[in-house]
Amino acid sequence: MTDFAQTKTLFELPEGVIYLDGNSLGPVPKGVEARVGEMIANEWGKLLITAWNKAGWMAMPRVLGDRVGRLIGAPEGSVVLGDTLTLKVYQALAASLELNPERRVILSDSGNFPSDLYMAEGLIKTLDRGHELKLAAPEDVLAAIDEDVAVLMLTEVDYRTGRRHDLTALTARAREVGALVIWDLAHSAGGFAVDVSTNGPDFAVGCTYKYLNAGPGSPAFIYVDPALAGDVRPALSGWLGHRAPFDFELTYHAGDGIDRMRVGTPAMLQFAALEVALEVWEGVSLDDVRARSIELSELFISEVARRCPEVTLASPRAADARGSQVSFRHPEGYAVMQALIARGVIGDFRTPDILRFGVTPLYIGEDDIIGAVDVLEDILTNRLWDRPEFKTRAFVT
Ligand SMILES: *Cc1c(COP(=O)(O)O)cnc(C)c1O
């Protein structure tokens, strides 16, 4: 049984703050600051460029890739880290279209994170071969999978509402019609158990700064089905995906398997942070995390329903139809969220009216949930949000 009182001690959390935004940016795990400092002082500082070999820097995208892989059910050697998620989406999509050359449709849904859709649009223009991005409503995706679909590209958990797709059923249907499948696990990895191996996708991508707590801009991950990895032509054919980067050949030859999804120089200070952040998961069962997340979410939803009639639930009511976040709607959602943040309850806002709260059992407990509802009730009942300073929109909401 995972000891959640113990996992909470593994994070630096500011006094007086209830942090309900770990679905967007996880807090700092203890030891990150020391490890990053140590890398600067001893590896970069003393070994200088020799650290690429001596400190094992060059191997880190694969070594830590395997550790992230364990959290998503990926076998050794099938995950590599680097770049940001947006670029990994592009790589997976470009490879999929090339592997299914007779078809023209990319199928996704209107609940997907816009960056994934923007990358599809950009790729379609670059290819200029008549591809089309088709968007179904999330509940209509299954019915929209037909023999025109080259690739089904879905994010498992909706970033606004927390609605969770039945990826297994959708993947099975896509396979039946001969489509490839990409899962975006941005809001899944570290939120609950994922299994990319059994009836899984051809590609899976995600980031490490949300539920994996590796810090702003930390490296993204990409999984490629090992049966397919040798056939993938990398669209971003950078030197570190070459089979022999230090031969400096003038022509690109893809590296073995997953190595070909590497692009350029990895951001080592972020890898140092990720290395420590991944240690948090030792001794943690993702099934326990899921069970606890549901308990806390149910508590949150029922307390808000009882005490805060001004907001409505934006997330599905059924626990198995949600990821690990709970969202509510309020016409003045932005101001309400700013008022919450001013009182130390940190979530975020997504246009037009969504208050988003991440439920992260590694460092959030019942007291935090009740404390957050206490403040929300006070803010709503006494209209404390109705002040000009809470209504001026910042760039990041
Ligand atoms: C968070 C998120 C992103 C962000 O991509 P970055 O390249 O890391 O900025 C992209 N897609 C989805 C589905 C996300 O949830």
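User: Hi! In what order do the four strands of the open sheet come?

Analyst: Hi! The order is 11-12-15-14, and the pairing is antiparallel. Strands here are DSSP E runs of at least two residues and helices are H or I runs of at least four, both numbered from the N terminus. Two strands pair if DSSP finds at least two bridges between them.

User: And which strands are at the edge?

Analyst: Strand 11 (312–313) and strand 14 (348–350), each of which pairs on one side only. Strand 11 is joined to strand 12 (residues 325–329) by two bridges. There, Leu 313 stands opposite Phe 328 of strand 12.

User: What packs on the sheet?

Analyst: Helix 11 (residues 286–307) does, touching strand 11, strand 12 and strand 15 (354–358). Its direction makes about 15 degrees with that of strand 12. Helix 12 (residues 333–342) lies across strand 14 and strand 15, at about 40 degrees to strand 15. For such angles, axes are lines fitted to C-alpha atoms, for helices over the stretch in contact, and the angles run from 0 to 180 degrees between N-to-C directions.

User: Before I go on, where do these numbers come from?

Analyst: This is a predicted model, where local features need pLDDT of at least 70 and side-chain atom pairs count only at pLDDT 80 or more, while totals for chains, interfaces and linings use all residues. Residues are numbered from 1 along each chain as its sequence is written, and side-chain values use heavy atoms, leaving out hydrogens and water.

User: Okay, back to helix 11. Is Ser 297 buried or exposed?

Analyst: Ser 297, which lies in helix 11, counts as buried at 1% relative accessibility. Buried means under 20% relative accessible area, exposed over 50%, and partly exposed in between (1.4 Å probe, protein chains only).

User: What is Ser 297 in contact with?

Analyst: Leaving aside neighbours within four places in sequence, Ser 297 is in contact with Arg 322, Val 326 and Val 359. Contact means heavy atoms within 4.5 Å. A polar atom of the Ser 297 side chain also lies 2.7 Å from the backbone oxygen of Ser 293.

User: New topic! Which residues are buried in helix 8?

Analyst: In helix 8 (residues 167–176) they are Leu 167, Leu 170, Thr 171 and Ala 174. They cover an arc of only 100 degrees around the axis, so they are on the same side of helix 8. The arc is taken from the directions from the helix axis to the C-beta atoms. These buried residues pack against helix 7 (141–144), strand 7 (149–155) and strand 8 (180–184).

User: Why would residues three or four places apart point the same way?

Analyst: Because an α-helix has 3.6 residues a turn.

User: Nice. Which residues are around the ligand?

Analyst: Among them are Thr 84, Phe 113, Asp 116, His 187, Tyr 209 and Lys 210. An oxygen atom of the ligand is 2.5 Å from a side-chain N or O atom of Lys 210. A polar side-chain atom of Thr 84 lies 2.8 Å from a ligand oxygen, and one of His 187 lies 2.9 Å from a ligand oxygen.

User: Last one: where is the cis peptide bond?

Analyst: It joins Thr 351 and Pro 352, with omega about 5 degrees. Pro 352 sits in the loop between strand 14 and strand 15. Most peptide bonds are trans.

Notes: Near = heavy atom within 4 Å. Polar contact = N/O pair within 3.5 Å; in protein donor to acceptor, adjacent residues only side chain to side chain.
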